[in-house]
Amino acid sequence: MTRTSEVHGSTGTHIILVPGFWLGAWAWAAVESDLIGQGHRVTAVTLPGLDSTVSDRAGVRLDDHIAAITEAVANTPSSERVVVVAHSGAGPVAYAASDRVPDRLARIVYVDSGPLQSGTALRDDLDPADVEIPLPSWSELEAEGSSLDGLDDDTLETFRNRAVPMPAGPARDTLELADSRRLDVPTTVICTSFPSEVIQQMAAAGHPMAAELAQIAKVDYVDLPTGHWPMWSRPADLATAIDAAARD
């Protein structure tokens, strides 16, 4: 499911917002509104299996998530530039989409996220029988490195109430990348949980979570100190950073 703004923006740029685990298009509401106000056309995407708690997640695979992004790209008029913005676990999915349609992307923006290398998976700890990944407790999320900084009790309650279990298939499937032109897609990494200096050091050292960044021809880093969900903790600042990246 996608939600496309009715405004055909004056910037000539179509921004596609892709949320991470447990989230749908709704998670981008504040950022989406600001970007429309800045003159962009915006599509917020809900990836397959994440539209409802009663959705059938058993058959959802990584290719389905990739296809949801490439479909949003394909639905963009050729006269518009396409910028894909991916949060958290959607980062590797957006990167795989860039492998499918590299010529149609003006830029990828990773929000506390990044690409993964071919042959790897988002999660390597899942049982083959797992159908979904429920939203963990707050303490478990923080222990796994997902900072809750900037989120008040009301926001956390909304998150918990609206969260949908993540289909296990897309997280378990390995990325298969084949088109080296994806490395020529200009890239922005908005660093919220860790400073950009740390991410760049990880990339240079070949850390599995950042090594692919070292292979991309043009990567810009933007520091936006907050927690893992800046679309809620600093939405206006995140929209400003995305707008700047989209205009570059």
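In the predicted model, the contact between helix H2 and helix H3 is formed on the H2 side by Leu 62, Asp 63, His 65, Ile 66, Ile 69 and Thr 70, which meet Val 93, Ala 94, Ala 96, Ala 97 and Arg 100 of H3. Sorted by class, this contact of H2 with H3 comprises seven nonpolar, two polar and two charged residues. The axes of the two helices, H2 spanning residues 62-74 and H3 spanning residues 90-100, come within 9 Å and cross at roughly 65°. Since angles of 65 to 115 degrees count as roughly perpendicular, H2 is therefore roughly perpendicular to H3. The crossing in which H2 passes H3 is right-handed.

The loop that lies between strand E4 (81-87) and H3 contains Ser 88, a residue other than glycine for which phi takes a positive value, near 55°. A second case is found at Asp 112, likewise a residue other than glycine, where phi is positive and near 45°; Asp 112 is placed in the loop between strand E5 (107-111) and strand E6 (132-133). As background to these two values, most residues other than glycine have a negative phi.

A further helix pair is made by H1 (residues 29-37) and H9 (residues 235-247), the axes of which come within 9 Å and cross at roughly 50°. Angles of 65 to 115 degrees count as roughly perpendicular and those under 35 as roughly parallel, and H1 and H9 are therefore oblique to each other. The crossing of H1 and H9 is right-handed. From H1, the residues Ala 30, Val 31, Asp 34 and Leu 35 take part in the contact, and they meet Pro 235, Ala 236, Leu 238, Ala 239, Ile 242 and Asp 243 in H9. In terms of residue class, the contact of H1 with H9 has eight nonpolar and two charged residues, with no polar residue.

Turning to the strands, E8 (residues 187-191) and E9 (residues 219-223) pair in the parallel sense, and the pairing extends over five bridges. Within this arrangement, Val 189 stands opposite Tyr 221 in E9. Together with helix H7, which covers residues 196-205, the strands E8 and E9 make a β-α-β unit that is right-handed. In general, the side chains of a regular strand alternate between the two faces of the sheet.

How values were computed: Residues are numbered from 1 along each chain as its sequence is written. This is a predicted model: local features need pLDDT of at least 70, side-chain atom pairs count only at pLDDT 80 or more; totals for chains, interfaces and linings use all residues. Side-chain values use heavy atoms; hydrogens and water are left out. Axes are lines fitted to C-alpha atoms, for helices over the stretch in contact, and angles run from 0 to 180 degrees between N-to-C directions. Helices (H or I, at least four residues) and strands (E, at least two) are DSSP runs, numbered from the N terminus. Angles under 35 degrees count as roughly parallel, over 145 as roughly antiparallel, 65 to 115 as roughly perpendicular and the rest as oblique. A crossing is left-handed if the near helix is turned anticlockwise from the far one by less than a right angle, and right-handed if clockwise. Contact means heavy atoms within 4.5 Å. Ala, Val, Leu, Ile, Met, Phe, Trp, Tyr, Cys and Pro count as nonpolar, Asp, Glu, Lys and Arg as charged, and the others, Gly among them, as polar. Two strands pair if DSSP finds at least two bridges between them. A crossover is right-handed if, with the strands pointing away from the viewer, the path from the first strand over the helix to the second runs clockwise.
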